[in-house]
Amino acid sequence: MQKPILIIGACGQIGTELTIEQRNKYGSEKVVASDIREGSDALMASGPFELLDATNYAAIEDVVMHYEIDEVYLMAAMLSATAEKFPMRAWNLNMNSLFNVLNLAKESKITKIFWPSSIAVFGPNTPKENTAQSTIMEPSTVYGISKQSGERWCEYYFKKFGVDVRSVRYPGLISWKTMPGGGTTDYAVEIYHEALKKGAYQSFLDKDTKLPMMYMDDAIRATIQLMESPSEQLTVRSSYNLGSMSFTPSDVADSIKKHIPGFEISYAPDFRQKIADSWPSSIDDTFAKKDWGWHPEFDLDQTTSEMLSNLKKEG
């Protein structure tokens with residue numbers, strides 16, 4: 001990589017770890033982090049940072065020109081649970097930020113874009129098990145509607161203008177380094193924190209709610225792997241299904257009990273239950289495996305070991 005990359009939304013759950021991993025890989029000065037607010041001390045100390053509103057085209061263009069940016073990773077978004085509370089704000093952020101970077105690429109000011117989609121693009125009529133790359137997509141959430149629309153625009157800009165935009169549909173993501181930011185799968189991070197603090201957790205999803213999930217290290221690796229793949233190998237320009245593991249809150253509790261035998265879980269489903277019920281239970285990621293060699297490394301028990309051991313070290 002010769003020219004710097006820009007990560008917009010670098011202070012979020014994915015953006016923080018992606019930024020630090022990219023800086024370790026390419027050098028701190030080659031990765032410009034940006035967000036509407038400052039991030040963790042580790043992020044801020046690791047390389048250049050710009051305060052940036054993802055909905056402000058001129059501001060993004062200024063940063064791109066100043067640093068001679070080649071690639072943009074657009075990680076800024078309002079997630080599922082928060083978006084239901086602020087639908088118009090979510091639509092404005094999620095869609096206008098995407099148009100900003102797509103138009104920069106259309107004007108040849110950047111050459112490559114990563115934009116994350118989500119399993120939220122699927123809906124209650126989507127086949128739940130082994131959900132196919134191309135299937136019924138009738139999202140019932142603001143977040144899902146914005147992501148499905150974004151996928152269509154990404155493919156349109158690729159076909160119409162030759163914009164090299166790449167995407168994956170992230171499942172729920174689990175990380176010990178950063179707290180989640182208002183998603184429906186947040187329980188799968190919170191539960192580990194509460195297990196160590198209190199030895200108990202009250203889940204906002206029902207015990208048998210099975211959802212596709214992924215350990216953050218796999219998600220970061222998948223993102224970089226896709227972006228480093230030759231363009232001619234990629235057959236999906238909307239967004240790739242990305243699979244790893246699927247589990248329920250009770251499965252996580254059982255995994256934690258192998259380390260903390262007295263751990264107890266209770267259930268008090270809230271408005272997020274309806275969102276979760278509209279999503280798939282497992283994902284078919286054949287295209288990602290075939291086109292760019294995707295393969296996950298972490299299962300649930302490995303994830304639990306990583307989460308608990310690292311959170312203990314953090315204190």
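Strand β8 (residues 168–170) pairs with β12 in the parallel sense over two bridges, where strands are DSSP runs of E of at least two residues, helices are runs of H or I of at least four, both numbered from the N terminus, and two strands pair if DSSP finds at least two bridges between them. The bridge partner of Val 168 in β12 is Tyr 240. These strands belong to an open sheet of three strands with the order β6-β8-β12 and parallel pairing. Because β6 (117–118) and β12 (240–241) each have a single partner strand, they stand at the edges, and one side of each is left without a neighbour in the sheet.

The model is predicted, so that local features need pLDDT of at least 70 and side-chain atom pairs count only at pLDDT 80 or more, while totals for chains, interfaces and linings use all residues. Residues are numbered from 1 along each chain as its sequence is written, and side-chain values use heavy atoms, with hydrogens and water left out.

A further open sheet has six strands in the order β3-β2-β1-β4-β5-β7, again with parallel pairing. Its edge strands are β3 (49–51) and β7 (165–166), each of which pairs on one side only. Some of its strand pairs are listed here.

| Strand pair | Bridges | Residues standing opposite |
|---|---|---|
| β1 and β2, parallel | four bridges | Ile 8 and Ser 34 |
| β2 and β3, parallel | three bridges | Ser 34 and Glu 50 |
| β4 (residues 71–74) and β5 (residues 112–114), parallel | three bridges | Val 72 and Ile 113 |

β2 is mostly covered, in that five of its five residues are buried, buried meaning under 20% relative accessible area, with exposed over 50% and partly exposed in between (1.4 Å probe, protein chains only). Val 31, Ala 33 and Asp 35 point one way from this strand, whereas Val 32 and Ser 34 point the other way, and all are buried. From β1 the chain crosses through helix α1 (residues 13–26) to β2 in a right-handed β-α-β crossover, a term that applies if, with the strands pointing away from the viewer, the path from the first strand over the helix to the second runs clockwise. Helix α3 (residues 57–67) lies across β1 (5–8), β2 (31–35) and β3, running at about 155° to β1; the axes are lines fitted to C-alpha atoms, for helices over the stretch in contact, and angles run from 0 to 180 degrees between N-to-C directions.

Helix α5 (residues 87–106) has 20 residues and, at 1.5 Å a residue, should span 28 Å, which agrees with its end C-alpha atoms being 28 Å apart. Its buried residues include Ala 90, Met 95, Leu 98, Val 101 and Leu 102. After α5 comes Ser 108, whose phi is positive, near 60°.

The largest nonpolar core has 40 residues, of which Ile 174, Tyr 187, Tyr 192, Phe 247, Ile 256, Phe 263 and Met 307 touch the most other members; such a core is a set of buried Ala, Val, Leu, Ile, Met, Phe, Trp, Tyr and Cys residues joined through side-chain atoms within 4.5 Å. Among the elements that give two or more residues to this core are α6 (142–161), α7 (187–197) and α12 (300–314), and α7 gives the most, with six residues. Tyr 192 touches residues including Ile 174, Val 252, Ile 256, Met 307 and Leu 311, not counting residues up to four places away in sequence, contact meaning heavy atoms within 4.5 Å. A second, separate core of 31 residues includes Tyr 73, Tyr 170, Ala 219 and Ala 288.

Methods:
The expected span of a helix is 1.5 Å times one less than its number of residues.
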